[in-house]
Amino acid sequence: MLKQITRALLSRPVTIDGPAAGDAALKELAGKVDALAQKRLGRSLAIRAIDAGSCNGCELEIHALNNPIYDLERFGIRFVASPRHADVLLVTGPVSLNMQEALLRTIAATPAPRFVVAAGDCACTGGLFAGSYACAGALESIVPVDLRIAGCPPTPLQLLEGLLALLAASAGKMPARP
Amino acid sequence: MTTLLIFVAQLLLPVAAAPLLTGFVRKIKARLLGRRGPPLLQPYRDLARLLRKEPILADNASWLFRGAPYGAFAAIWLAMTAIPTVATTTSPGLGLDLIAIAGLLGLARILIALAGMDVGTSFGGIGASREMTIGALAEPALFVAIIALAIIANSTALPDMSRAMSEGVGLRVSLALALGAIVMVAIAETGRIPVDNPATHLELTMVHEAMVLEYSGRHLAMIELGAMLKLVLYLSLIASIFAPWGLAHGGGAGDLGAALGLWLTKLAAGGFVLAVFETAIAKMRVFRYPEFLGAALLFGILGVVFLYISQHLK
């Protein structure tokens, strides 16, 4: 036990270097500078993940953000247990009709200023399930979305790029763009 | 004048240092898991973020729900002023002793538990019920340990205790037993593993977190700062009784500076041990709390009994 503890403290962390904030995400956020100016929260964000009918592929990748390799917490972003504690609502899935009401209530329960992020192709466009009779459609058609992270499922690095762009916007440090 | 300065310093320093200690514990825990971990100052940023957000109240929330975070924080803060952190001259005129500290912490617990039940969510109720169970088991253990210490130091006031302990009371079995009891109570009261997990996301394993699920914005900031301050409080309490070295008894600037450095070192050492301990063991089942805290009560009672017997054998 003692050997394990000293080894963990003395060896380098296994965490890989974080990616830079994603270009696509920065471009999308740059178009909403005015709206984002009201949402300055500093270099700290709390995420509540909402599964709006996802196949759980996205959840597996989101879960990987917490492991020692990606270590989301080192950026000051963490997952919380209640929408009341959250700033970012990370929505996955094609918004099935049965989850629509729960989704809207969760968003209403989150204190402003808040960000809504569509994670994965399903939440962005409806993905495989676009046009299904059981789905309400892309997240954008139901609530205003601040950021979309594409991918089926998005890899942890893609998610990280998007969230870091959001963190830059929250800290008021968006790179100037021509 | 010096007394007033020391009082103000002892009032403000613990609150200022509390987020740093929490950040330090989180950092060490992350490093033990092979992660890089959040920056040390992250808890300050988290609190600043919460202050910038609007607080949302449930439709049926009463004045109790709005007032409880401030009341609980004030009670913990007041208890903190009675603990010698830098100098043994604390809270002039208030006369708060260890029993008053236990009472103030109990008041804070009851306020948060009532607020947890106020809005009527099921998790608030489950958290309140568990918190009161832990309180009902931990408080007797704390009181018995206080009695053991009071017999040794001839006082229940912490400054007198620190002075008596630093003058040397010899190596006593009762002291070790009281230390064991207070450490176990401290783990339960500050909501650390194995009794509660401060980082859990599963509602069914929550105790403290379950009660505050409904809080947001500045209310949540007060509750989080209160929880951080409680950790500083218990570490300072243990340090002031069982490691009173370096506490300034007078008002010399050199003494005070050294005492401040030593206090921060003691907090860091306590935080490090806590992080290693939390990483090394798993959380207990709720049904095993009585065994854990029963052992704390047993330690306290044994300490008192040994003292009683040794005084009659002379």
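**Figure 1. Packing of helices α7(B) and α9(B) in the predicted model.** Helix α7 of chain B, residues 173-189, packs against α9(B) at an angle of about 170°, and the two axes are 10 Å apart. Since angles over 145 degrees count as roughly antiparallel, α7(B) is roughly antiparallel to α9(B). On the α7(B) side, the contact is made by B:Leu179, B:Ile182, B:Val183, B:Ala186 and B:Glu189. Helix α9(B) contributes B:Tyr234, B:Ile238 and B:Phe242. Sorted by class, the residues in this contact of α7(B) with α9(B) are seven nonpolar, no polar and one charged.

**Figure 2. The contact between chains A and B.** Chain B places 31 residues in the contact, and chain A places 26 residues there. Four helices of chain B each supply at least two residues of the side that touches chain A: α1 (2-32), α2 (42-51), α9 (217-242) and α10 (253-280). Of the elements on this side of chain B, α2(B) gives the most, with five residues. By class, the side of chain B that touches chain A holds 13 nonpolar, six polar and twelve charged residues. For the complex, the predictor gives an ipTM of 0.91 and a pTM of 0.94. The pLDDT of chain B averages 90, and 98% of the residues score at least 70.

**Figure 3. The open sheet of chain A.** Five strands of chain A make up this sheet, in the order β2-β1-β3-β4-β5, and their pairing is parallel. The edges are taken by β2 (77-79) and β5 (147-149) of chain A; each has a single partner strand, so one side of each is left without a neighbour in the sheet. From one strand to the next, the twist averages 30°.

Figure 4. In the strand order, β1, β3 and β4 of chain A follow one another between β2(A) and β5(A).

Terms used:
Residues are numbered from 1 along each chain as its sequence is written. Chains are lettered from A and ligands numbered from 1 in the order in which they are written. This is a predicted model: local features need pLDDT of at least 70, side-chain atom pairs count only at pLDDT 80 or more; totals for chains, interfaces and linings use all residues. Two residues are in contact if their C-beta atoms, placed from the backbone, lie within 7 Å. Ala, Val, Leu, Ile, Met, Phe, Trp, Tyr, Cys and Pro count as nonpolar, Asp, Glu, Lys and Arg as charged, and the others, Gly among them, as polar. pLDDT is the predictor's confidence in each residue, from 0 to 100. Two strands pair if DSSP finds at least two bridges between them. Axes are lines fitted to C-alpha atoms, for helices over the stretch in contact, and angles run from 0 to 180 degrees between N-to-C directions. Angles under 35 degrees count as roughly parallel, over 145 as roughly antiparallel, 65 to 115 as roughly perpendicular and the rest as oblique.
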